[in-house]
Amino acid sequence: VRLVEKRMSLVVELPMRNALSYMLGPMKAYPALNKAMEGRKDRVLQSCELYDMGAKKILYILQLEPAR
């Protein structure tokens, strides 16, 4: 278990409908995150994927460090 600091983040949330969600989700999420980063000077610290089985959703997260 790892505690993640509260930081500025970009998040894409997609539904988890079936096994294809694990393959097709990243194909949708990461281009959207890259597009959101265009023109920003913030630095990406880390990316992660959270699988919320109870809520049947996948969160794709880019944690950012604000530009100075």
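1. Charge. The chain carries 12 positive and 7 negative side chains, and the centres of the two sets are 2 Å apart. Lys and Arg count as positive and Asp and Glu as negative, with His and the chain ends not counted; each charge is placed at NZ of Lys, CZ of Arg, CG of Asp or CD of Glu.

2. Basis of the note. The model is predicted: local features require pLDDT of at least 70 and side-chain atom pairs pLDDT 80 or more, while totals for chains, interfaces and linings use all residues. Residues are numbered from 1 along each chain as its sequence is written, and side-chain values use heavy atoms, with hydrogens and water left out.

3. Fold. Helices (H or I, at least four residues) and strands (E, at least two) are DSSP runs numbered from the N terminus. Along the principal axes, the C-alpha atoms fill a box of roughly 40 × 30 × 15 Å.

4. Among contacts (heavy atoms within 4.5 Å) with a separation of 6 or more, 60% involve residues 24 or more positions apart. Of the 68 residues, 25% are buried; buried means under 20% relative accessible area, exposed over 50%, and partly exposed in between, with a 1.4 Å probe and protein chains only.

5. Strand β1. β1 runs antiparallel to β3 (residues 57-65), to which seven bridges join it; pairing of two strands requires at least two DSSP bridges. Leu10 stands opposite Leu62 in β3.

6. Aromatic pairs. The whole structure contains two aromatic pairs. Rings of Phe, Tyr and Trp (its six-membered ring) pair if their centres lie within 6.5 Å; planes under 30 degrees apart are stacked, over 60 edge-to-face, and the rest tilted. Tyr22 and Tyr51 form a tilted pair, 5.7 Å centre to centre with 40 degrees between the planes. This pair links helix α1 (residues 21-37), which holds Tyr22, to strand β2 (residues 43-52), which holds Tyr51, across 29 residues. Tyr22 is partly exposed at 36% relative accessibility, and Tyr51 is partly exposed at 38%.

7. The edge-to-face pair. Tyr30 and Tyr60 lie 5.7 Å apart, centre to centre, with 80 degrees between the planes. Tyr30 belongs to helix α1 and Tyr60 to strand β3, 30 residues apart. Tyr30 counts as partly exposed because its relative accessible area is 24%, whereas Tyr60, at 0%, counts as buried.
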